[in-house]
Amino acid sequence: MTGRLKTAAGVLIVVVLLFPLYWMINASFQPSGALLKPDPDWFPVGGTLDGYRKALSTQGPNLLSSVFIALGTVVFSLAVAMPASYALAQLKVRGGPVIVFVMLIVQMIPGIVMANSLYTVFSNLGLLDSYLGLVLADSTATIPFAALLLRAFMISIPRELTEASRVDGAGYWRTFFSIIVPVSRNAMVTAGLFSFLFAWADFLFAVTLTTGQTFQPITVGIYRFVGNQSADWNGIMATAVLASIPAAILLVVAQRYVVAGMTSGAVKD
Amino acid sequence: MFVLRRGLLAAAGVATAATLVSGCSPSPAPGGTGSSAAPAASITELDYYADEQGSAAWQKILDTCSTQTGIKIQRQSIPTAQMLPKILQGASSRSLPNLLFTDNPTLQQVASTGALTPVTDYGISTDGYYPSIIKAGTYQDKVYGLAPGVNGLALVYNKDLLQAAGVQPPKTWDELKAAAVKLSGNGKYGLAFSAIPSEEGTWQFLPFFWSNGADLSSLDSPKAAQALQYVTDLVSGGAASKSVVTWSQNDVADQFVTGNAAMMINGSWNLARLDKETALHYGVVPIPVPQAGGQPSVALGGEVGAIPITDAAAQQAAGKVLSCILSDPTMLEWSKAHAYVPSKTAVAAKFGAETPAMQAFIDEVGTAKSRTAELGEKYPKVSQALADAIQAALTGKQPVDQALKAAQQASGS
Amino acid sequence: MTLTAARPSVTRRPAARKPRASDRFVAVAFLLPAIVYVVVFFGYPLVANLVMSTQNYTVRSFYTGEAPFVGFDNYSAVLNNPLFSTAALNTALFTVGSIVFQFAIGLALATFFNGRFLGSTLLRSLLLLPWLLPLVVSGAVWRWMFDTDHGVLNAALRAVGVDPVPWLTSTSWALPAVILTNIWIGIPFNLVILHGGLRAIPASLYEAAELDGASAWQRFRHVTWPLLRPVTGIVLMLGLVYTIKVFDVIMVVTGGGPANATQTLTTWSYRLSFHDFAFGQGAAVGNILIVVATVFGFVYLRSAKATLAETAS
């Protein structure tokens, strides 16, 4: 397939797959419930910016909070998961499979069970309404995931790389930082990306571990538009669109770091 | 294996430690009624008026009472679905708020834990309230919660559409069926209501259920079957959309506002929104009854205020704030702002005189029933079973009597 | 198949060493933060959930802490409940249906976007957007799209002359509808991870295969697929875990209905706890799910061990 044809096909694929997204943007420009008309407008002709006005005036701080928490989660999770995955993938650890197994199983614990126990412990430790608390809580979703994902990538790193470095006299930490980390760039970006998204989209921990007195992540803030007795779809959709923008920018930027050929240059043919 | 054994020991150790940490919460000072303690300077409050309009209206009420009593109120509002988990978390960590506003079915559950104090301990009298409202907040003969305002369901109709079809607002089931059928066609339906598999679906069905004389303790009685058959016929006959099994009350209101439904069964809280739609002319009548001359029997909605056991001073303060919220002028202000019906008969009458649109709702509250009156804590299970039966019947999965029989079994009563 | 094209640049080959005690110590040191974290944060909930499933845990128990021990009563109550078989079947269908298509479409897209053409990076990043949306929003949008009378999907079907489908109101179509929504949400996850895996395969291998006269399909079968094995394994395993756990998507789109047509073990567990207030039974269902995941976990470990042994040789 030629380049041009591929681009065209790519655009078509994206258009079809992202249609619900377009529908959401469409809704964000129309009055609440307008999309329920017998013939909903496919283009928001004569639309309204009310939703965006409302969203911008109220959700700004929430967006920032979400960004802080998500970035914090990425940093913490990678810091904890990277060494662990290296050990599990490359070093001979007795009980390694057990640890992998445990990492898998703990992800099955229902979120509400996690939230309940975390609430009790955090409220005694004074970690409610704190960025640190939410980073720690969100990491329960990201650390097992990152560890497993990174391990799967690291398994394919040729032993020769690390052995060569060890033979040259480098310690384990040197080897880790100078060889493993750079070579795992793709995997780190992927794991970091999803850690960011998990933390960004988390609602349960956000609503459980905050009281709304200090800050509120965007997933909770959006409920300003969802009442017990009415739903302001216009506001909700506008908030969702606005919330997607900073995260989308970060994603595009991060994807640039995914390069081809993990071991390119490190090992000569 | 070495690591495995170490791991298990560590897990056990930490689990024990965590249990100790979580168990070692500062135990509250024996609260009791503490009528001799001086009230605290600030209290914590929890409610689920999270949306903009409701939140602003409730905040005003809280501010009014805060100024009047001189007590600061630290408010927390959360999405509705999170109220119960939040209460449970608060209960297990002994950190319940000083003042709690939750819907009346949940109150029974919370009261049954022993975590609440009777509101009568704070000098709050139950005189002048609708009996059904007092009953809704009563658990084992003690009043643990009182609502400043309540709501119910009525039939809201589109004046223009009814006029165009030459239909009068229906009063009986037969009239409702005929009107709905006449108003349906071309992708539009005569009636919209909610039949989702949760409390909301049951709540919407109860007016039909109770008005026909059925009882929650025997879901498979002939009267219950009649009621469910009636509603099923509305859907199968095309008078109401099959999508009612997916619509929440919010969705029903959306359908009504866009004109897809000529009539809807919904609550008074929608009136504020309907008023904003200037092109929409609506009217409200009580929910139609099986026979002419009967009285509709709707379920009672609305949030009750309760005071959990925390510490004596805070409880006293919460009691003062609650008294203020339940006082006549504040009650009236809240009902006006949020389109609720005041819980005291006198205040409600005054409100009805000032706001004719609410009159239908006010009339209904007189004969309304609280959902937990007979069944108390057993209500949620029965409600879930009934909602399942409604869905089974409306989707055609099971005939009405089979569905109700299964529900009666599942409800375990 | 190993990376036969790679050879160490250092000619002096170190003799294979037996792992020394200090090696093991280092390995544990690398693992320690993760192990501590997992034990501290997951130990208590896991144990608590297990214990709760053997107790008659009611709302009162949250406050008083008292919950009478009932042994396996909760489990037998759950297994004998007529809803169990429905929920289990729905869970199986939902999981298999979601994973098969998410993986296949994700792999196809990852392969497609692996080449370098104008806009490939941007387009690929755009495909991640479904994951950015709060589920209350994606769920609501899909609900509108699925509406029988006014939804976009049925409008499109009508336009090509097909009868409208009662997506969310029919007990036969509700589960496919929810599966479709879940597939849409899950594609980005598979796409990104598989793409990362594809990128790790050196281009030189493809060139060598092409020189040997291999067709595109043969290149895929003999170069791509084997080298992708570790990544494929983890994507499927994680996909399984996450799909079994899916809760918000189903709750927002159908609430478990209509008439339990989309009730999975996870949504049922929530319902048992928070609608019926039978927390012990809810915990029991949750633990049954953990057992199911455990079984698949064993399968995964078996295959992962094999891959590990292969790559090391």
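## A first look at the interfaces, a cavity and chain C

Chain A and chain C bury about 9100 Å² between them, with carbon and sulfur atoms giving 80% of that area; buried area is the accessible area (1.4 Å probe) that two parts lose on being put together, summed over both. Welcome to this predicted model, in which local features need pLDDT of at least 70 and side-chain atom pairs count only at pLDDT 80 or more, while totals for chains, interfaces and linings use all residues. Residues are numbered from 1 along each chain as its sequence is written, chains are lettered from A and ligands numbered from 1 in the order in which they are written, and side-chain values use heavy atoms, leaving out hydrogens and water.

**Where chain A meets chain C**

- On this interface, 106 residues of chain A are in contact with 90 residues of chain C (contact means heavy atoms within 4.5 Å).
- The interface of chain A and chain C has zero salt bridges, a salt bridge being a side-chain nitrogen of Lys or Arg within 4 Å of a carboxyl oxygen of Asp or Glu.
- Five residue pairs, both at pLDDT 80 or more, are in polar contact across the interface of chain A and chain C. Such a contact is a pair of N or O atoms within 3.5 Å; within protein, one must be able to donate a hydrogen and the other to accept it, and residues adjacent in sequence count only if both atoms are side-chain atoms.
- Helix α6 (residues 131–154) of chain A gives the most to the side of chain A that touches chain C, with 13 residues. Helices (H or I, at least four residues) and strands (E, at least two) are DSSP runs, numbered from the N terminus.
- That side of chain A has 82 nonpolar, 14 polar and ten charged residues. Here Ala, Val, Leu, Ile, Met, Phe, Trp, Tyr, Cys and Pro count as nonpolar, Asp, Glu, Lys and Arg as charged, and the others, Gly among them, as polar.

**Where chain A meets chain B**

- Chain A brings 33 residues and chain B 37 residues to their contact.
- About 3000 Å² is buried between chain A and chain B, 53% of it on carbon and sulfur atoms.
- Two or more residues each come from α4 (96–106), α5 (111–125) and α10 (204–209) of chain A on the side that touches chain B, and α5(A) gives the most, with seven residues.

**The second largest cavity**

- The second largest cavity has a volume of about 130 Å³. On a 1 Å grid over the protein atoms alone, a cavity is a set of points where a 1.4 Å probe fits but cannot get out, and lining residues have an atom within 4 Å of a point.
- Of the 13 residues lining the second largest cavity, B:T246, B:W247, C:R143, C:W144 and C:D147 lie nearest its centre.
- The largest share of this lining, three residues, comes from α6(C).
- By class, the lining has five nonpolar, five polar and three charged residues.

**A salt bridge in chain B**

- Over all chains, the count comes to nine salt bridges.
- One pairs the side chains of B:D47 and B:R75 (2.9 Å, N to O). B:D47 sits in strand β1 (residues 42–47) of chain B and B:R75 in strand β2 (residues 72–77) of chain B, so the pair links distant parts of the chain, 28 residues apart.

**Chain C**

- Chain C has 14 helices and zero strands.
- The C-alpha trace of chain C spans about 70 × 65 × 30 Å along its principal axes.

Conventions. 1 Å grid on protein atoms, 1.4 Å probe; cavity = no way out; pocket = protein on both sides within 12 Å on 5 of 7 lines; lining within 4 Å. Points joined across faces, edges and corners; volume = space filled by probe spheres on them.
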